[in-house]
Amino acid sequence: MRRLSIGFVSALTCFLAACSTPTALSSDVTVMRLPHNMNESHPIHQSLVHFAELAEEKSNGTLRFDIFPNGQLGSEREAIELTQTGAVDATKVSATALESFSPFYALFSIPYLFVDQDHYYEVMESSIATDIYDSTSDSGFFGLTYYDAGTRNMYTINQPVREPEDLAGLKIRVQPSETAIQMTRLMGGAPTPMAFGEVYTALQQGVIDGTENNETALISNNHGEVAKDYSYTEHAIVPDLLIFSKLRWDSFSEEERAIIKEAADESSQFHKELWAEEIERSVEAAKELGVTFHEDVNKEAFRDLVEPMHEAVRSNEEMAEYYERIRAMERGE
Ligand code: GCU
């Protein structure tokens, strides 16, 4: 699988280089590529379009981003590798997809790490996040900003998940990441890692019994057509991250960097509001499709089962430092 992925990325890199090198239209217009895996109706697409508009406006038209939705340039992993080599300039991926590039990103996927939305926003807008973003600077990319991707919950084809026993024997699609695999196993299910773009078909064909994600996937990706029970396990709040190619960044002037950073941060705030509206809209639309939302979930039981993951982070010296900073923020220190 790994070899296939490298093959795909190098073929695509050659294709992108041969067909249209990201270049200047005239000597002072730089056109950049930004692929992502969601469709045009998803709020993240709208926020990335907003980012591109802000960058163009603030630079008087000299910095342009072309956005490629729908995973047309590959899965999240492939988009990260393309960003790393500079074949594309930036991409939006789930923080979970980044953990094999630097272990620190795995922190964001630790189940029940954030106590609530305020704690999550505070950490994501602090130096804890930017220190983690910088951990991949030497490997070709870094994080520029985050976009709210809601709370992840379990949803299944035809049975609610209220207790860990309810997950027993269920094949649950997870993001291709060690943290997600371990989490699902500890919570009681049988993890089946696969790229997001394959989930709808896997649900439809019964290859999996369920998956876990925020509510937008029910509508934007049609999962609610097949999965009828959405259970609020609220097991993780994992941000989406906008990552940027170091190669491209190093070619910018200080002023250009400031413009892009500002556009990114403004689009992140813009996204927060859009996100809240979209969650409400998705829940209403999913109910119309016959999806039942279950609030009566024994979250305590799930939280206890994943405690070994917190323990593992605390006993790793480098990870523990970040973990403690996140806990201190929760205590308001
Ligand atoms: C979320 C996230 C995506 C990710 C997806 C997944 O929807 O926003 O970036 O691809 O989860 O489960 O893979």
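Select Tyr112, which counts as buried because its relative accessibility is 14%, where buried means under 20% relative accessible area, exposed over 50% and partly exposed in between, with a 1.4 Å probe and protein chains only. This is a predicted model, in which local features need pLDDT of at least 70, side-chain atom pairs count only at pLDDT 80 or more, and totals for chains, interfaces and linings use all residues. Residues are numbered from 1 along each chain as its sequence is written, and side-chain values use heavy atoms, with hydrogens and water left out.

Staying on Tyr112, note a positive phi of about 55 degrees, although Tyr112 is not a glycine. Tyr112 lies in the loop between strand S3 (90–94) and helix H4 (117–124); helices (H or I, at least four residues) and strands (E, at least two) are DSSP runs, numbered from the N terminus.

Next, select Glu234 in strand S9 (residues 229–236). Glu234 also is not a glycine, yet has a positive phi of about 45 degrees, and with a relative accessible area of 33% Glu234 is partly exposed.

Now display the open sheet of 6 strands, ordered S7-S6-S8-S5-S9-S11 with mixed pairing, where two strands pair if DSSP finds at least two bridges between them. Strand S7 (190–193) and strand S11 (292–294) stand at the edges, and each has a single partner strand, so one side of each is left without a neighbour in the sheet.

Finally, select strand S5 (residues 152–156) and strand S8 (residues 210–213), which run antiparallel and are joined by 4 bridges. Within this pair, Asn153 stands opposite Asn213 in S8.
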